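Dear colleague,

I am handing over the structure below, together with some notes on its helices and on a few individual residues. Please read the notes with the coordinates open beside you.

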Amino acid sequence: MKRRLLFGERMLLGDGTEPFNAVIPFRLRGTFALKDIQQALAQIQKKHPWLRALIAHDNQNIPWFDVPESPISIPIRIVVRKGEDHWQEESKREWHTPFDYKTLPLIRFIWIKGEEVSDMLFAFHHCLCDGGSAMAFLHEFLEVLDNPSADIGIEKPILGIHDVVPAKILNSRRQKLKAKFIGRLAATAIKCIPVGKKAIERKDDYLIHWKVDESVSQQLISYCKANEVTVNTFLSAALLQAFRDVKGSAAFNKVSCPVDIRRFATQIKNDHIFAFGLMIVVSSNEKMTFLENLKSMQESVERKTGKLNPYITMMVMESGHDALHNFTKLLKNGKSSNDCMFSNLGRIQIPHEYKEFSVDTIFSPSVIGPLGNTTTLVVSTYRGKMDFSFVGSEGYLPYTEAMPIRDKVMQIIKLQLEYIAVS
């Protein structure tokens, strides 16, 4: 089984020399045998063909996912657990470790082994899948680790754009011409945008992690419901204000927010291994109060989200493979134009108690790559607690600014919850 990488996947893969890796850490209470972990990994590989795939290039140097006839196991690295925050050290190590995609799968497993508590990480190349797909195979892994006879099914993989875009759109002469025209226009515009000769020096990368307790998390959700805004919009507004407060006029007043393509393209199931995403950019108005901004931003988010068209977007991108080099160069060497990428995975629907072990926590994923500004905040909620992973690089956002931004975000949350409690 094989398929050609889509435009977005090729962009994330690059030439393979620079990692673009995502890490999902989780903490289990219980005792485990290596053979059981190996067996559970083999079962999720059996379900998902692309978890077995290597990358092969054709005679035009175009990369393909290629599933070998004899499966190659997901590599496992075992380290002795040194403490509560050891997983952060191993996450950073995984960010910087390239995948040998010609001989090994684009995913690996790290077991930070303790006597009664183990931290475990899935590390995978971002071209393989997004956070939604990863949460699906994490759920399946835990299911078969607990019960090897559990039936997790077999994925019918996406084999190309034709498995996502409905035939009546994909084969429409009008839609094909529209996609090609937009693609050519974008490719020409990208060529004309001036970029530097060198990429910005990233320097040292860092991870800032924190949790919000259950009562505050619930109060925040209640606040958002009462004001008819999403938690996403609230946290975007808090981030924008925090960047403005800390960076002043150097802030861009822009946060990029990924939008799950599965909301629009129902052909892509929750357990599909798939990396393509949609994006909107949100900004705030500094002349408005925080609550006025929330209402205005929510309207803007709904308006922008309503205009998203995954099918045309994919068709446009697939018509532009010859512009990939220029687009990648623009992302790497162009000036940064946004403050942060912000992704909220929402509530993680994975059980806490299993027969053989319990899931103490699932930490928010972290991801870092070579395509421009690395500043990223990922939020998720598990067992009622919001979990934050704030990733950055000294060359884009110094750690000495990132920490005050983190503190400002939490101050804004506290202030708004106090305000609604008083009113």
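The helix numbers used here follow DSSP, in which a run of H or I over at least four residues counts as a helix, and these runs are numbered from the N terminus. With that convention, H8 is followed by Gly248, a residue with a positive phi near 60°. Please keep in mind throughout that this is a predicted model.

To stay with H8 for a moment, this helix covers residues 231–247, and its 17 residues should span 24 Å at 1.5 Å a residue, which agrees with the 24 Å between its end C-alpha atoms. The buried residues in H8 are Val231, Thr233, Phe234, Leu235, Ser236, Ala237, Ala238, Leu239, Leu240, Ala242 and Phe243.

With a relative accessible area of 25%, Asn253 is partly exposed. Asn61 also has a positive phi, of about 65°, although it is not a glycine, and it is found in the loop between strand E3 (54–57) and strand E4 (63–66). Asn61 counts as exposed because its relative accessibility is 54%, the cut-off for that class being over 50%.

Phe290, Asn293, Leu294, Met297, Gln298, Ser300, Val301 and Thr305 are buried in H9. For Ser300, the relative accessibility is 15%, so this residue counts as buried. Ser300 and Val281 are 19 residues apart in sequence, and their C-alpha atoms lie 9.6 Å apart in space.

The axes of helix H2 (residues 34–47) and H4 come within 9 Å and cross at roughly 130°, which makes H2 oblique to H4. The crossing in which H2 passes H4 is right-handed. On the H2 side the contact involves Asp36, Ile37, Gln39, Ala40, Leu41, Gln43, Ile44 and Lys47, and these meet Phe137, Glu140, Phe141, Val144 and Leu145 in H4. By class, the residues of this contact of H2 with H4 divide into eight nonpolar, two polar and three charged.

Leaving aside residues up to four places away in sequence, Glu140 touches Ile44, Lys47, His48, Ile152 and Asp271.

The second pair is helix H6 (residues 173–192) and helix H10 (residues 310–318), which pack at an angle of about 60° with their axes 8 Å apart. That angle makes H6 oblique to H10, and the crossing of H6 and H10 is right-handed. H6 contributes Gln175, Lys176, Ala179, Ile182 and Gly183 to the contact, while H10 contributes Ile312, Met315 and Val316. The contact of H6 with H10 has five nonpolar, two polar and one charged residues.

Note on methods. Residues numbered from 1 in each chain as written. Predicted model: local features only at pLDDT ≥ 70, side-chain atom pairs only at ≥ 80, totals over all residues. Heavy atoms only, no water. Buried < 20%, exposed > 50% of the residue type's maximum accessible area, 1.4 Å probe, protein only. Helix = DSSP H or I, 4+ residues; strand = E, 2+ residues; numbered from the N terminus. Axes fitted to C-alpha atoms, helices over the stretch in contact; angles between N-to-C directions. Parallel < 35°, antiparallel > 145°, perpendicular 65-115°, else oblique. Left-handed = near helix turned anticlockwise from the far one by under 90°. Contact = heavy atoms within 4.5 Å. Nonpolar A, V, L, I, M, F, W, Y, C, P; charged D, E, K, R; others polar. Expected span 1.5 Å × (residues − 1).
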